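Here is a short note to read beside the structure. Keep the model open and follow the points in order.

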Amino acid sequence: MIQWRPVYVICYREFIKFFRERSRLLGTIARPVLWLFVVGNGMASLIKPQTGFSYLQFIFPGMIGMTILFSSIFSSISIVWDREFGFMKEMLVAPISRLSIVIGKAISGTLISVAQAIIILLLIPFLGIHLTIMQFIEVVAVALLVSFCITSLGILIAARLTSFDGFNIIMNFLVMPMLFLSGAMYPVTSLPVVLRRMTLINPLTYGIDAFKHVLLRHSTPPLGPEFPLVQDIAIVTILSIIMLTLAALSFRKKD
Amino acid sequence: MPIISVQNLSKQFKSLTAVDGISFSVNEGEIFGFLGPNGAGKTTTINILCTLLSPSGGKAEIAGFDCTADPDKVRAAIGLIFQDTTLDVGLTAYENLKFHAYLYNLDRKLAEKRIDEMLSVVELQGRKHDLIKNFSGGMKRRLEIARGLLHYPRVLFLDEPTLGLDPQTRSTMWDFINKLRQNEKITVFMTTHYMEEAENCDRIAVIDHGKIIADGAPEKLKQLVRGDMIHIVTSDNKRAAEEIRTGFNLAAREENGGLAVEAEKGEELIPRLIHALSMRTLSVSITKPTLNDVFLKLTGRTIRDEALQDNREVTREFVRSHRRAQR
C-alpha cells in the first residue's frame, strides 16, 4: 500500500526546496523570535505572573507550538502550489498509491517543522530558561507528534482546496484562530464559554499543553498544563490518524 | 492485439457531454493523432486513458490493462507529456528526473544510468545541474520528453506537445519524436489542433463535439476532399461563380473576397478557367488539400474558427474539469 521509494523521493524534494528557499526558513523563524523578544518583553512589563516565572517563560511553549503551526501549514499548502503549477499531475499519473503521496508529504512536513522547532529551542540561553538534556529530548519528541498532527490537518485542507485563493481564508479563519485559542499567548481557562469550547476542539491546545508539561513542569493552571500528559498525547495521536486517513481518502477521489 | 483499445467511451460533465461514445484502437509502434478544435474532447480522452478521470461509460484498455480496474498497471506502462509544463522549476534537471525515476520505483543505479542516457537523447547533458527556472520553453519540453521516457513506457502520450513553442523549436521537436520512434519501439498518442502537426502521424482520428468523425492515414483523409483548392479573385465574383457552375459544373464558394473552387488536377484547370471567364481575373492561387480542408469538409467549419467562437462555454467547463482532474 505504501511504496517507500516514492515516499523517500517526495521528502527529498521537499527538503531540497526548503533549504533552497531561504526566505521561507527565515519567515517561520522570524515570527516566534519577534514574539519572544519584542512582544514578550513588552507584555512582560504589563503582566506579572504570580508563580515565580516570567511571561517569556510562559509563552515559550506556545512559541514552539506557533512555529510548528505555521511551518506545518506552509509545508502542506505546497500541495496547492503543486496543483497550481501542474507538478501534482506528475505524482498522480505515477504508479504509486495516493497514500504514498500523502505519507511523503506528511513525513517531510513533520521533519521540517521539527527542525524549525529545534532552531527555536536553541534560543533558550537568551531567555534565561534552563533546560536539561532530558527535557530537550522530550520537547523534540512532543514536537514530532504535534508537527505530524498539524501537517496532517494541513494536507487534509490542501487536498480540498482547489486554488490558491483559498489560502488567505485558511490563514484568517483557521490558522490565526487556532493560534489564539490554543493557550500559546495567554491562559485560556477563563475565556468566555463559547471560546473556551473552541479551545477544546483545537488540536494545538493539547500540543501546547504537552509542551507545558515538559517546560513548565511544576506550575499549575491557569499558567501551567491543564490536562494530563497522557490525554494530550492520546488526543493529538488520534486526531493525526483521523486527519491523515481523511486526507488520503480525499486524494483518491476522481471524477 | 492493439496496444490502446477504446470502446464506446463517454464522459459526461453535468450537462456537457465531453466525450460521446468514441471507439478506436492504436497498434504498437504507431504515431496516432487526435485532431480537433479546443474543447472537442481530446484532453478529456487523454485524462481517461491515463487514469486521471473515470469514464462515464465504455471501456479503455492500454497494454491489455483496463484503465478503470487496473490503474497502477496502466500508469506503469505509459509516459505523459502534458499541455502545460509539469516540471518543478525550483529543482534542477537532474532532480526532476531523479524524482520521476524513484516514483516509478527504479533503483538508484538504474536511475542514474537512465538519467544520463535520456539527457543525452534530448541533448541536455550539459545542463544536468541547472535549475529549470533558467531553461527556455523548448528545453523544458525536451526535458519533459526525457522524463516521460525515463521508465521506458510502452505508450507515450503527448497532449498538444508543441503548444506555445516557436516554429523552429516545433520542427526540432518533431525531428526528435521521429528519431525516437526509429530507435525505440514506442507507441505515440498525441493530440493537436495544428493541422500541419497532425500530418506527421501515421493515423489520425478527427474529433469534434466529443465524436470521432473520421479516421485514417493523413493521405487517406485528404482524399475525402475531392482535390485541390483553387482560390480565384475576379472583378465580378458573383458572375464568375455562376459561370464556373454552368461552364465547368463545379461549386464555387465565396471566401476571403474571392472564390474557392475544389477540383481535381487544379493546375490543369486554372488556364481553362481564366480563358473561359468573361471578367477580368485579378489573382489565382492553388493549394493542395490539407487536413484543415478535411476538417472544413467534414464539419463545415475551420478548426481555428471553432476555437475562437462558440466554444467558450465548453472551454470553461474543460478548465473546471481539468482542475477537478488534478485533485
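The points below take the contact between the chains, then a sheet, then a helix.

1. Keep one thing in mind from the start. This is a predicted model.

2. Start where chain A meets chain B. Chain A gives 25 residues to the contact. Chain B gives 30 residues.

3. Now look at the chain A side of that contact. Two elements of chain A each supply two or more residues there: helix H1 (4-20) and helix H4 (87-92). The largest share comes from H1(A), with eight residues.

4. The residues that touch chain B include 12 nonpolar and 10 charged ones.

5. Move to chain B and find its open sheet of six strands. Read across it in the order S6-S7-S8-S3-S9-S10. The pairing is mixed. Strand S6 (78-81) and strand S10 (211-216) of chain B are the edge strands, so each pairs on one side only. From one strand to the next, the twist averages 15°.

6. Zoom in on one pair of strands in chain B. Strand S9 (residues 203-208) and S10(B) run antiparallel. Five bridges join them. Find Ile207(B): opposite this residue, in S10(B), stands Ile212(B).

7. Finish with a helix of chain B. Which strands does helix H1 (residues 42-49) of chain B lie across? They are strand S3 (31-35), strand S7 (155-159), strand S8 (187-192) and S9 of chain B. Relative to S7(B), helix H1 of chain B runs at about 150°.

Notes
Residues numbered from 1 in each chain as written. Chains lettered and ligands numbered in written order. Predicted model: local features only at pLDDT ≥ 70, side-chain atom pairs only at ≥ 80, totals over all residues. Contact = placed C-beta atoms within 7 Å. Helix = DSSP H or I, 4+ residues; strand = E, 2+ residues; numbered from the N terminus. Nonpolar A, V, L, I, M, F, W, Y, C, P; charged D, E, K, R; others polar. Pairing = 2+ DSSP bridges. Axes fitted to C-alpha atoms, helices over the stretch in contact; angles between N-to-C directions.
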